[in-house]
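Here is a friendly walk through the packing, the aromatic rings and the sheet of one structure. Have your viewer ready and follow along.

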Amino acid sequence: MFDLPVTDPVLVFAILLLTALLAPLLFEKIKLPSIIGLIVAGILIGPHGLRILERVGEIQMLSTIGLLYLMFLAGLELDLEQFIRHRHHSLIFGGLTFSLPLVFGTLLGHYLLGFNWPAAILLSTMFSSHTLITYPLASRMGLSRQRAVTTTIGGTLITDTIALLFLAVIAASHRGDASALFWGRMSVGMIIYALAVILILPRLARWFFRNIASDGIIAYTGVIAAVFTCAYLAHPAGLEPIIGAFLAGLILNSFIPENSTLMNRVQFVGHSLFIPIFLISVGMLVNVRLFFVGGEAAMIAGTMVFAGIVTKWMAASASGRLLSYTHDESMLIYGLSVNQAAATLAAVMVGFQIGIFTEHVVTGTIVMILITSLAGSWLTDRYARRVALQEEKKPYSRSDTPQRILVSLANPQTAEELMTLGQFIREKNSQEPLYSLTVVESGGHVEERIAEAEKMQARAIVRAISSDLDVVPTTRTAIDIPSGILQTMTDQRISAAIIGWKGRVSSHSQAFGHKLDIVIERSREMILVSRCSGSLNTLKRVILVVPPLIEHQSGFETAVHSAKNLTQQLGCSLVIVSVMPEVEEVAKIIEGIPPEISGSEVTLRHWDELLPWLDDNVSSEDDLVVLFSARKGRLAWRPSISKMPRLLVGRRPGVNLLTVYPPMAPEEDSSEAAGARGTETSSLLPAENIRLNMEGYEVSDAITALLESVFPGQSDVLKRLSGYLTDICEREPAELVPGVVLLHSHIPEVSKPTAFLGINREGWQVRHTSAEARVLILLLSPKDASPEVHLEALSNLIKPLHRSETFEELLNAESAEEVLRAGWKDM
């Protein structure tokens, strides 16, 4: 029907696609990695097998594209945060995986094979370098950000770059061109190239994503054009294109979040088309028959295979022991790094063309590529599965509740941004769909409004499907919007809800507005209120604002995990902002919650300094402010926290703001939190520690007068404690509700938590509060008391203030007994 080899481009492409489809299916049936199937299939259909195809023309072009695409994906999927955090791991492995094969390969080449020193050194660089042929196996198992994989990728960049530099130098030396001019030209070219890519590409990418990439097709085309431009420009700088493609992937890493639609498209095209064709083309290079022709070819091939397999094992094992990796992680590094292809082919072809190597070395190289690729595929498949199972046994949370995210859609202009936010917060390996909701209030013209809601849902579904994400769309009618959202959260067992906010508030007594405030107050789940005005994937920093005491609330770890997940997806740096002296403790807690992200800390002396600091340090274009907040009645709640979103948006209309309310534990009820605990607190606030009619007292005098009931006649103790608490009052008073101020601390002079309460109907002027303090509460716990004991006492003191009438009852009280009846009777 047709002559062999096939030359018709349509049929050539059809054969490649059929091979890419059938070979993995067949080899998976016999329990072998699909990569082995593609390489073996390449041998069979190639010029040294059945001669169906020749490795020329279209195939060579597609193979080159596949190799560059593979290196681009390696850089794009690299966990830059972990790479930077563990960069010394990559340096150690990169140094060992280059130097050990270089030394042993050079000695074997010179003394066993009889090569001269330049040829022996060039031969050894072929063992030192490696190609991440089996990286797609690890990537598909969700290990692209695992430390062993990250270390291998970083080491690959190091060893391949050095190996290609050795190739350039030896080739120039062999041609007699190793002059000072050559060295200067190559050094300057590499420096200019690196600086140009590192400085120019991020700026172009940020401008492109903000102004040009309006749809997925344009975004994908722009990204791929940038990659291949960077790859080509590496040539004039004296580098191989694979280095340029990898560098482009690293630069674009922070612009293409892992769970984004664009990342899905990039990976889909690469893994389904270009990378399989590259692997098939690697197999087409192999001429197995030459291995059995002549003793010299067999000797060279055997030596190369031995050196490549043994020295890479030595480097992986030594690196694993030095870095305290598990055996499975060390073997995964070995499986990823033993493969020889791209840089090895570059070295042998250049060496053959300039006369350093003979045809026997080319034959031995192809055999080495075949055997190392087969070994690497088997090892990577085996140990990637083991490491993936180990990773699954590392839950970040004590809760086994599935993560179910609800995205409430009300505005077509923000629907896409909210769905994108849901994608980024969603767990990478979650099997749960994203729930999108539109609530239509019952009443007139309800059918028309339902139709409009369904149109918006349709756009959300299209957005999600393009990211390979399942969506459960829901449109429901309800008597009001809060009821619809809350009922859906209950029906679908939602764990987190994302709701948009326009940035306007109808009343200064509200945080976001009547409807949104109701959802927050009546829900237990994590609520994320989004007010973002720009593209998320062009952000540079996530500024995490942590108010005092919120780290002690249930749900804090879950909220931090979601915030760090978002930071990692966006490729941003993390800045933690908190109030002294808690910032160190907060930073330590946050550091221990996965994923690993290094962050810097900013310490404020008082909560009131937050807005001025944000004014001076936040960019509306480059920063996302993630503000942790608390529901009213929770331990960390205070009026200033509720006001913060509207104050911030009022001062900075263009700010990107995400306000996060941590989830409440299933057994927790803010109105009964204290009663649920079992610690004895019957003597927390005795009647003798209550003082009425403290008008005319200064704050310091009032504190002294309150303390006298416990420390009578102890003037030194009273003076020291009064000064200490007065200082707290000036620096960081806790305003529980307007008019009620709490001062609390640990001191050695008490043996159990002890509270004091003073009332001044005229009020004290206290800095950093929204109103005059008419009720002053002191809480002193033993120096060695655990945080749980102190927080339990705090909860008991705060509980009565949940009732709006408590404050008036305190001001109208005429005796300590009436104060206790306002809510502290049982203390």
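## Around Phe 357

In this predicted model, Phe 357 makes contact with Phe 115, Ala 119, Leu 122, Leu 123 and Met 126, and also with Ala 347, Val 348, Gly 351 and Phe 352, leaving aside residues up to four places away in sequence. Phe 357 belongs to the largest nonpolar core, which has 121 residues; together with Leu 252, Phe 357 touches the most other members. Another core, of 79 residues, lies apart from it, and Leu 624, Leu 757, Leu 797 and Leu 801 are among its members.

As general background, nonpolar side chains tend to be buried together in soluble globular proteins.

## Aromatic rings

How many aromatic pairs are there? The count comes to ten. One of them joins Tyr 69 and Phe 72: the ring centres are 6.1 Å apart and the planes stand at 85°, so this pair is edge-to-face. Both residues sit in helix H3 (residues 58–76), three residues apart, which is about one turn of the helix. Are Tyr 69 and Phe 72 buried or exposed? Both are buried. With Phe 274, Tyr 69 and Phe 72 make up one aromatic cluster.

Phe 208 and Phe 209 form an aromatic pair that is edge-to-face too, with 5.5 Å from centre to centre and 70° between the planes. Phe 208 has a relative accessible area of 16% and counts as buried because the cut-off is under 20%. Phe 209 is likewise buried, at 9%.

A ring can also have a charge over it: Arg 382 lies over the face of Tyr 383, at 5.6 Å from the ring centre.

## The ten-stranded sheet

Now to the strands. Ten of them form an open sheet with mixed pairing, in the order S3-S2-S1-S4-S5-S10-S9-S6-S7-S8.

Strands S1 (residues 405–408) and S4 (residues 496–500) run parallel and are joined by four bridges.

Methods: Residues are numbered from 1 along each chain as its sequence is written. This is a predicted model: local features need pLDDT of at least 70, side-chain atom pairs count only at pLDDT 80 or more; totals for chains, interfaces and linings use all residues. Side-chain values use heavy atoms; hydrogens and water are left out. A nonpolar core is a set of buried Ala, Val, Leu, Ile, Met, Phe, Trp, Tyr and Cys residues joined through side-chain atoms within 4.5 Å. Buried means under 20% relative accessible area, exposed over 50%, partly exposed in between (1.4 Å probe, protein chains only). Contact means heavy atoms within 4.5 Å. Rings of Phe, Tyr and Trp (its six-membered ring) pair if their centres lie within 6.5 Å; planes under 30 degrees apart count as stacked, over 60 as edge-to-face and the rest as tilted. Helices (H or I, at least four residues) and strands (E, at least two) are DSSP runs, numbered from the N terminus. A charge sits over a ring if NZ of Lys or CZ of Arg is within 6 Å of the ring centre and within 35 degrees of the ring normal. Two strands pair if DSSP finds at least two bridges between them.
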